[in-house]
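Please open the model in the viewer and keep the sequence at hand.

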Amino acid sequence: MAQDFRSARFWAADMMQTALFPGAKAVDATMGNGRDTLWLCQRVGPEGHVYAFDVQPEAVERTRLRLKSEGLSERVTLFCRGHQHMADAVPEPVDAVMFNLGWLPGAVHAVTTRMETTLIAVDAALGLLKPQGLLTVCVYPGHDEGARELRALTEWAERLDPARYDALLKCYMNQPNDPPRMIAVKKKA
Ligand SMILES: C[S@@+](CC[C@H](N)C(=O)[O-])C[C@H]1O[C@@H](n2cnc3c(N)ncnc32)[C@H](O)[C@@H]1O
């Protein structure tokens, strides 16, 4: 039977499996409802740690409650702060950084990620990554700011030094309404 190609979130999680292991350190750059933060916490295990960011107190609270109900609060540090500050906030090199751009599901669309701060944050993420570490970004070009983010991130990734990074863009080629894209960057050394 033909494989279901699925979507950007799945592609990011699939790639992340290779970068995560018990004891790994990871960043969720956009915690939202905390689904990705929880997923990362489950994969890094009791010896690992996850640092998660969101600018909305509502997102931080939803994530805090989700992790508490799963008994995983000890594995995470939650920052009610923009991901563009992660270089100052995260105290150690990490194995993986995930971005899921856009707005908080079920909340006002006015608070969305923005191209200018997203670019600062992905640069900061590369600085934090250990060699062989992985960055994934899910981008939603179906709305104006998402389209700006995709253009800027594509230019950014195309300029990365190929001796130091592998950059990949995964997307549907024939689907309507600009479906989400997944960008992945691996730090080689
Ligand atoms: C698509 S949601 C993330 C979904 C989330 N990963 C989950 O599993 O539920 C995007 C989130 O990015 C947050 N955001 C917007 N600007 C941000 C910034 N500068 N730094 C960190 N988070 C930001 C929004 O508040 C929103 O909650």
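Begin by selecting helix H1, where Ala8, Trp11, Ala12, Ala13, Met16 and Ala19 are buried; buried means under 20% relative accessible area, exposed over 50%, and partly exposed in between, with a 1.4 Å probe and protein chains only. Helices (H or I, at least four residues) and strands (E, at least two) are DSSP runs, numbered from the N terminus. This is a predicted model, in which local features need pLDDT of at least 70 and side-chain atom pairs count only at pLDDT 80 or more, while totals for chains, interfaces and linings use all residues. Residues are numbered from 1 along each chain as its sequence is written, and side-chain values use heavy atoms, with hydrogens and water left out.

**Around H1**

Next, display what surrounds this helix: the buried residues of H1 pack against H2, E4, E5, E6 and E7, where contact means heavy atoms within 4.5 Å. H1 comprises residues 8-19 and lies across strands E4 (94-100), E5 (129-139), E6 and E7 (181-187), running at about 170 degrees to E5. Axes are lines fitted to C-alpha atoms, for helices over the stretch in contact, and angles run from 0 to 180 degrees between N-to-C directions. The end C-alpha atoms of H1 are 17 Å apart, which agrees with the 16 Å that its 12 residues should span at 1.5 Å a residue; the expected span is 1.5 Å times one less than the number of residues.

Now select Met15, which is in H1 and counts as partly exposed because its relative accessibility is 28%. Beyond its neighbours within four places in sequence, Met15 is in contact with Leu134, Leu168, Met182 and Ala184. Gln17 is also placed in helix H1; at 42% relative accessibility, Gln17 counts as partly exposed. Which residues does Gln17 contact, leaving aside its neighbours within four places in sequence? They are Trp39 and Arg43.

**H2 and H3**

Select residues 35-44 and 57-69 together: these are H2 and H3, which pack at an angle of about 35 degrees with their axes 9 Å apart. The contact involves Arg35, Thr37, Leu38 and Cys41 of H2 with Thr63, Arg66 and Leu67 of H3. These contact residues divide into 3 nonpolar, 2 polar and 2 charged. In this division, Ala, Val, Leu, Ile, Met, Phe, Trp, Tyr, Cys and Pro count as nonpolar, Asp, Glu, Lys and Arg as charged, and the others, Gly among them, as polar.

**The sheet**

Turn to the strands, where an open sheet of 7 strands has the order E3-E2-E1-E4-E5-E7-E6 with mixed pairing; two strands pair if DSSP finds at least two bridges between them. The edge strands, each pairing on one side only, are E3 (76-80) and E6 (165-170). From one strand to the next, the twist averages 10 degrees. Strand E2 (residues 49-54) pairs with E3 in the parallel sense over 5 bridges. Select Tyr51 to find its bridge partner in E3, Thr77.

**H5 and H6**

Finally, select H5 (115-128) together with E5, E6 and E7, which are among the elements covering the buried residues of H6. In H6, the buried residues include Leu150, Leu153 and Trp156. The buried residues of H5, among them Met115, Val122 and Leu126, pack against H4 (86-89), E4, E5, H6, E6 and E7.
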